[in-house]
Amino acid sequence: MSSQSTQHVKIVSADPSAIGLFGLAIVTLVASSQKLGITTGLGYAVPWAIFLGAFAQLFAAIQDAKHNNTFGMTAFGAYAFFWFGMGASWLVKMGVFGEALASQIDVKQLGFAFAGYFIFTVFMTIGAMETHKVLFTIFLLIDFLFLGLSLDSFGVGNGFFHEVAAFAELAIAIVSLYGCGAAVLNTHFGKVFLPVGKPFGIFKK
C-alpha cells in the first residue's frame, strides 16, 4: 500500500505597482508639457501614451490580476485603456487615419469620456484612502485632471479648466515618480526608505 503526499507550490511574483506608476508618471509628464505650452504638437506624445501610459500600465494590471488585487488590476487596466484611447484620438486628430475621419471630430465626445473617467476615479480615490497616502494623492490629482478635461471639452471656463488639468497632470507625474521610487526602494531595502503614509483607516480598520 503506497502513501501519497501532496505538495503545494507557491509562485511568487514581484509587485507591479512600481512599473505601473512609472508608466503613469512618464506619460503625464510628457502630456502636461504639451498642455502647459512648454512643448508643442502631439507627434512625440503619441508613442509615450501608447508604450508608457498604455502598455506599461496594462502589464501592471495583468500582474495585479495574478496577485488577486482587484483594485490595482482595475485601476491600472482602466487607465491603460484610457491612454490607448487618447493615443488613437490624437492620431485621428492629426489625420493619420484620413481627412474624412479627422473632419468628423467633436471634442464634446471626449468630454463625455473624461466625465466617465472622473466618476470612475472618484470611487477609486475612496479605495485609495485605505492603501496609502501617496496613492490617495495621485488619485485626488487625477480627479482634478478629469474634471478639468471634461469641463474644458464642454467649453466651460474659457480655458481656466485646461490650466487646472495641465497643472494637475504635472503634479500627477511628480507624485507618481515618488510613488514608483518608494515601491522599488522600500522593497529592495526591506524597510521604509521613502515613506508613503499610512491608510486613513476610515472604511477599513
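Predicted model: local features only at pLDDT ≥ 70, side-chain atom pairs only at ≥ 80, totals over all residues.
## Overall picture

The protein chain has 205 residues, of which 40% count as buried, and its C-alpha trace spans about 80 × 40 × 30 Å along the principal axes.

The protein chain contains seven helices and zero strands, so that reading along the sequence gives the pattern α-α-α-α-α-α-α. When contacts between residues at least 6 apart in sequence are considered, 71% of them join residues that are at least 24 apart.

## Segments listed in the record

The unreviewed UniProt entry lists residues 12-32, 44-62, 74-92, 112-129, 134-152 and 164-185 under "transmembrane region". Two of these segments can be described from the model. Over residues 112-129 the chain is 94% helix and 0% strand, with the end C-alpha atoms 26 Å apart. Over residues 164-185 the chain is 100% helix and 0% strand, and here the end C-alpha atoms lie 32 Å apart.

## The nonpolar core

Which residues have the most contacts inside the largest nonpolar core? They are Tyr79, Trp83, Trp90 and Phe146, within a core that has 39 residues. At least two residues of this core come from each of α1 (17-35), α2 (45-66), α3 (70-93), α5 (107-128), α6 (133-153) and α7 (160-189). Helix α6 provides the largest share of the core, with ten residues.

When neighbours within four places in sequence are set aside, Trp83 is in contact with Val27, Thr28, Ala31, Ala49, Gly53, Ala54, Gln57, Trp90 and Glu169. One of these partners, Glu169, also takes part in the salt bridge described next.

## One salt bridge

Side chains of opposite charge can pair when their charged atoms come close. The structure holds one salt bridge, in which the side chains of Glu169 and Lys35 meet at 2.8 Å, taken from N to O. Because Glu169 lies in helix α7 and Lys35 in helix α1, the pair ties together parts that are 134 residues apart in sequence.

Are the two partners buried or exposed? Glu169 is buried, with a relative accessible area of 1%, and Lys35 also counts as buried, at 14% relative accessibility.

A nonpolar surface patch of about 680 Å² is made by Ile119, Val122, Phe123, Ile126, Phe200, Ile202 and Phe203. Among these residues, Phe123 is found in helix α5, and because its relative accessibility is 47%, Phe123 counts as partly exposed.

## Two loop residues with positive phi

Asn68 is found in the loop between α2 and α3, and its phi is near 60°, a positive value in a residue other than glycine. With a relative accessible area of 67%, Asn68 is exposed.

Asn158 sits in another loop, the one between α6 and α7, and its phi is near 55°, again a positive value in a residue other than glycine. Asn158 counts as exposed, at 82% relative accessibility.

Which residues does Ser153 contact, leaving aside its neighbours within four places in sequence? The partners are Val107, Lys108, Gly111 and Phe114. Ser153 itself lies in helix α6, and because its relative accessibility is 8%, Ser153 counts as buried.

Phe22 is found in helix α1 and is partly exposed, with a relative accessible area of 33%. Not counting residues up to four places away in sequence, Phe22 touches Leu52, Leu177 and Cys180. Phe22 and Ala113, which are 91 residues apart in sequence, are 24 Å apart in space from C-alpha to C-alpha.

Key
Residues numbered from 1 in each chain as written. Heavy atoms only, no water. Core = buried A, V, L, I, M, F, W, Y, C linked by side-chain atoms within 4.5 Å. Buried < 20%, exposed > 50% of the residue type's maximum accessible area, 1.4 Å probe, protein only. Helix = DSSP H or I, 4+ residues; strand = E, 2+ residues; numbered from the N terminus. Contact = heavy atoms within 4.5 Å. Patch = residues over 30% accessible without salt bridge, like charges linked within 9 Å, V, L, I, M, F, W, Y side chains within 5 Å. Areas by Shrake-Rupley, 256 points an atom, 1.4 Å probe, with all protein chains shown as cover. Salt bridge = Lys/Arg side-chain N within 4 Å of Asp/Glu carboxyl O. UniProt positions renumbered as here; feature names shortened; annotations may be inferred.
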